[in-house]
Amino acid sequence: MDVAFWVWPAFIGLIFVFLALDLLVFHREAHEISIKEAFVWSIIWTVLGVGFAGIVWAAWGSEIAGEYLAGYVIERSLSVDNIFVFALIFGYFSVPAAYQHRVLVWGIIGAVVFRIIFIAAGASLLPAGAAVRVRDAAALDGVPHQLCHFHYLREAATPVYEADRTAKV
């Protein structure tokens, strides 16, 4: 599939426009999101995501649109487990319900930015070959040990919400 270079920055820009609209326009005021509101927004974003397949189909044909939809369904199903992770994290740090949406959107923005950085960095290292893969594997071996110190992060963040602590996990 040949895609013009401008398509990728335009697509990433569109994602950031949607995130900005969600954060700065539709959810400007912090409030607790009801089940009904969450359901409506879930339908809206799903329609936009599936509707994008029509654009892909018109531009690149049914095979590429089918690949997009397969990826969309996989990502959608994998995102379900994230709901439980978010619930655990929000409960652990006692993030008030009114601020959970804002924290979540900023987390998504950070994840997208870092994903772009890591993909670009990884792509630039591919020509280096096996030496980079061995070095990176050795570096990743230490990651679980670093994660054992997660409780230090919790201690640093806890005082912010200490007065509003309502849930413990």
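Student: First up, Tyr92: buried, partly exposed or exposed?
Tutor: Tyr92 is partly exposed, at a relative accessible area of 28%. Buried stands for under 20%, exposed for over 50% and partly exposed for what lies in between (1.4 Å probe, protein chains only).

Student: What kind of model is this?
Tutor: It is predicted: local features need pLDDT of at least 70, side-chain atom pairs count only at pLDDT 80 or more, and totals for chains, interfaces and linings use all residues. Residues are numbered from 1 along each chain as its sequence is written, and side-chain values use heavy atoms, with hydrogens and water left out.

Student: OK. How many helices and strands are in the protein chain?
Tutor: The protein chain has seven helices and zero strands, so its pattern along the sequence reads α-α-α-α-α-α-α. Both are DSSP runs numbered from the N terminus: helices are H or I with at least four residues, strands E with at least two.

Student: And how much of the protein chain is buried?
Tutor: Of the 169 residues, 16% are buried.

Student: Switching to rings. How many aromatic pairs are there?
Tutor: The structure holds nine aromatic pairs. One of them is Phe26 with Trp41, a tilted pair with 4.9 Å centre to centre and 45° between the planes. Rings of Phe, Tyr and Trp (its six-membered ring) pair if their centres lie within 6.5 Å; planes under 30 degrees apart are stacked, over 60 edge-to-face, the rest tilted.

Student: Where do Phe26 and Trp41 sit?
Tutor: Phe26 is in helix α1 (residues 7-26) and Trp41 in helix α2 (residues 35-60), so the pair links distant parts of the chain, 15 residues apart. Phe26 is partly exposed at 41% relative accessibility, whereas Trp41 is buried, with a relative accessible area of 18%.

Student: Back to Tyr92. How are the rings of Tyr92 and Phe93 placed?
Tutor: Tyr92 and Phe93 form an edge-to-face pair, 5.3 Å centre to centre and with 85° between the planes. Phe93 is buried, at 17% relative accessible area.

Student: Which rings are linked into a cluster?
Tutor: Phe11, Phe52, Tyr68 and Tyr72 are linked by ring pairs into a cluster.

Student: New topic. How do the axes of α2 and α3 run?
Tutor: The axes of α2 and helix α3 (residues 62-92) come within 7 Å and cross at roughly 155°. Axes are lines fitted to C-alpha atoms, for helices over the stretch in contact, with angles from 0 to 180 degrees between N-to-C directions. The two helices, α2 and α3, are therefore roughly antiparallel to each other. Over 145 degrees is roughly antiparallel, under 35 roughly parallel, 65 to 115 roughly perpendicular, and the rest oblique.

Student: Which residues of α2 and α3 make the contact?
Tutor: From α2 they include Trp45, Gly49, Phe52, Val56 and Trp60. From α3 they include Ile64, Tyr68, Leu69, Tyr72 and Arg76. Contact means heavy atoms within 4.5 Å.

Student: Now the loops. Where does Glu32 lie?
Tutor: Glu32 lies in the loop between α1 and α2, and at 61% relative accessibility Glu32 is exposed.

Student: What is Glu32 in contact with, leaving aside its neighbours within four places in sequence?
Tutor: Glu32 is in contact with Glu37, Ala97 and Ala98. Glu32 and Ala98 are 66 residues apart in sequence and 4.2 Å apart in space, C-alpha to C-alpha.

Student: Last one: what is the phi of Ser94?
Tutor: Ser94 has a positive phi of about 50°, although it is not a glycine. Most residues other than glycine have a negative phi. Ser94 is in the loop between α3 and α4 (97-125), and Ser94 is buried at 4% relative accessibility.
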